[in-house]
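Please look over the following single-chain model and its sequence before reading the briefing. The notes below start from one side chain and its surroundings and then widen to the chain as a whole.

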Amino acid sequence: MAEEYPLTCGIEIHQQLDTKKLFCSCDSHLCDDGHGSCYRRLRPTTSEMGEIDRAALAQFQRNLGYRYQSSPGVSCLVELDEEPPHDTNADALATTLTFSEMMNARVVDEIHFMRKIVVDGSNTSGFQRTALIAMDGTMDVNGKPISILSICLEEDAARKVETTDAEVTYRLDRLGIPLIEIATGPDMHDPEEVMEVALRIGTLLRATKKVKRGIGTIREDLNISVPGGARIEIKGVQELRLLPLYVQNEMNRQNMLIRIKGMLNDRNVQPVAFEPIDVTDIFKDCESKVIKSALSDKGKVIAVKLPGFKGVMNGENGTLRLGAEMAQRARTKGVKGIFHSDELPAYGIDPIFVDNLRDFLGMNGEYDAFAICAAKEKKAKDALEMAVTRANEALVGVPEETRDPLPDGTSKYSRPLPGAARMYPETDVPPIEITKERMQEVRNNLPELPEEAEARIVKQYGINAQQARQLIRQDNSDLFEHIAKTDGMASIAATTLTNTYGELETAGIDTSNFTEEAIIEVFRMLADSCFAKEALPAILKEMGQSGSDAATAVKKLGLEAVDESEAVEIIAKIVSERIDFIREKGMASIGPLMGPVMGALRGKLDGKRANDLLMEEIKKVL
């Protein structure tokens, strides 16, 4: 019997490649502005087996239209689906083959692109082009083998810029940027382990030197299940540090739903028939803002009875939250939410309205419950039908679905989990043969692995192994090496990019906002003695808080370097003011006096040079 774990998780990593777009010669960067637009509606098509994918169908039923903004230089007729795709980008394919070899994966003999149906508007064509490149790879993470099920090359989606009730606006700058997709096996059984695996994959991807960097260039999809639960996909997580929180919260959610299933089964609850009832008259004098707003817009209040569901929609001090799941489903029909009996009276709905509704619905059972929705009649009924469907799914446990990540580490319902029915062959992109000669060339030119880079950096620049490992894990090793080539900068750069950066993050400054050019300029000024190295943390903090460049930060803080004659005058004054103390302590007074000296110089002079000058002044009076 297979061992049962409290968690089973696999990851899909999507990393943008730093090349031209996958099927045209457009540049692959984002633009601040969109120019012009076209409007389209999309519908799902059947697969080769004559089936319609359930996720595509659910998206189509939202009845949205889509508007697309172009961006000069980064989108063309290919992105608009008005021109067939060009040849597959050679650099993107080469990078994917290189990474496949790094994963010890089995590369396919011939690459065939497929069309994956996507009708949420993020692709103008209604599908995403994707190709399987390799399978059956493996990598080591903290001594444990992690299987790599597949490595694919695909095109990124358009970028959502605005959403209304009836329309979504996308910008085409991101559409077509090459993505490498890595899918692991379900080998992770601990939330922290999930983050370690994602970090390892990200580090290996960056080792190719062919990937984009920054927020939004790498995204993780989490496939999570617990014993007795189901596979749930949390799609599009961008913050690595939040991965354990998303996993833990999903574990808690699934275990909650399993408990609810047990409670409902113990009550012998039967599936609820969807029988909407117009209860507008009961609420015509209600002061709830939501209800008053709906009625003033010629809406109605619709109710459904939920026999057996009392206490599971919001019970046990908020630990049972089926009502939140039902509300998320209801919102896919365009309503702001629903009310249910576990949370009422509240939200301006007084007890008398709740009691009158209970009487009207004939709620006599011990566990009878209800849900209501206030909106236009059709919209309210559609929303409640989704809520009832979700309530009935609770009778069998955890439904498979795709969920969107939220900033607090939780997730919300997005759509049903896609199936195989959304894939069919791409007829506009010719197959690509992968020869043995080509793969041998790839093997002959593999990049330096992270652990190899770590050992080399330690040996070449004399920093410790922990700093080298941290620089590589945080993707700062290239920046470090650029700075460290200047004499005397290696140790300072390593400390700054590890310890100082950590202190700045703790202080609430996002160091990822620092550009490489800005940091290189800071160290150039330091090498030119424009300020003392002790001033580096203060300067970086000012740059992070104000967004200023290095020169502006130095000037604002008054940290411009002093010449030695001025420094000697400052130190001589401090010595003369403490002459008795110096004569009593002798050369032992140097340590206590360095504080006042560095305070007076305020980072304007290197600490070692200040110490030397202080020693010379003390010798003069002894």
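**Surroundings of E325**

Leaving out residues up to four places away in sequence, E325 touches R253, L257, R390, E401 and R403, where contact means heavy atoms within 4.5 Å. This is a predicted model, in which local features need pLDDT of at least 70 and side-chain atom pairs count only at pLDDT 80 or more, while totals for chains, interfaces and linings use all residues. Residues are numbered from 1 along each chain as its sequence is written, and side-chain values use heavy atoms, with hydrogens and water left out.

- E325 lies in helix α6, residues 322–331; helices (H or I, at least four residues) and strands (E, at least two) are DSSP runs numbered from the N terminus.
- With a relative accessible area of 6%, E325 is buried, a class that means under 20% relative accessible area, whereas exposed means over 50% and partly exposed lies in between (1.4 Å probe, protein chains only).
- The side chain of E325 makes a polar contact of 2.8 Å with that of R253 and another, of 3.3 Å, with the side chain of R390.
- A polar contact is a pair of N or O atoms within 3.5 Å; within protein, one must be able to donate a hydrogen and the other to accept it, and residues adjacent in sequence count only if both atoms are side-chain atoms.

**Salt bridges**

- The structure holds 46 salt bridges, each defined as a side-chain nitrogen of Lys or Arg within 4 Å of a carboxyl oxygen of Asp or Glu.
- One of them joins the side chains of R115 and E426, at 3.0 Å from N to O. Because R115 lies in strand β6 (residues 113–117) and E426 in the loop between β20 (423–425) and β21 (432–433), this pair ties together parts that are 311 residues apart in sequence.
- Both partners of that pair are buried, R115 at 13% relative accessibility and E426 at 6%.
- R174 and D156 form a salt bridge whose closest N and O atoms are 3.8 Å apart. R174 sits in the loop between β10 (167–171) and β11, and D156 in the loop between β8 (144–155) and β9 (159–163), so the parts tied together here are 18 residues apart in sequence.
- D156 is buried, with a relative accessible area of 1%.
- D528 and R524 meet through their side chains in a salt bridge of 2.6 Å, N to O, and here the partners are partly exposed, D528 at 46% relative accessibility and R524 at 39%.
- Salt bridges that share partners also join E250, R253, E325, R329, R390, E393, E401 and R403 into one network.

- E181, placed in strand β11 (residues 178–184), is buried yet has no salt bridge, and the nearest side chain of opposite charge, that of K116, is 4.5 Å away.
- The side chains of E181 and H14 are joined by a polar contact of 3.0 Å.
- Apart from neighbours within four places in sequence, the residues in contact with E181 are E12, I13, H14, K116, S150, I151, C152 and E154.

**Backbone features**

- L344 and P345 are joined by a cis peptide bond, with omega about 5 degrees, and P345 is placed in the loop between β16 (339–340) and α7 (351–361).
- Y347, found in the loop between β16 and α7, has a phi near 55 degrees, which is a positive value in a residue other than glycine. Y347 is exposed, with a relative accessible area of 53%.
- D81 also has a positive phi, near 65 degrees, in a residue other than glycine; D81 is placed in the loop between β3 (65–70) and α2 (90–102) and counts as partly exposed at 36% relative accessibility.

**The chain as a whole**

- The chain has 622 residues, of which 50% count as buried, and its secondary structure comes to 20 helices and 21 strands.
- Taken along the principal axes, the C-alpha atoms fill a box of roughly 100 × 70 × 60 Å.
- Among contacts between residues at least 6 apart in sequence, 72% join residues at least 24 apart.

Note on methods: Lys, Arg positive; Asp, Glu negative; His and termini not counted.
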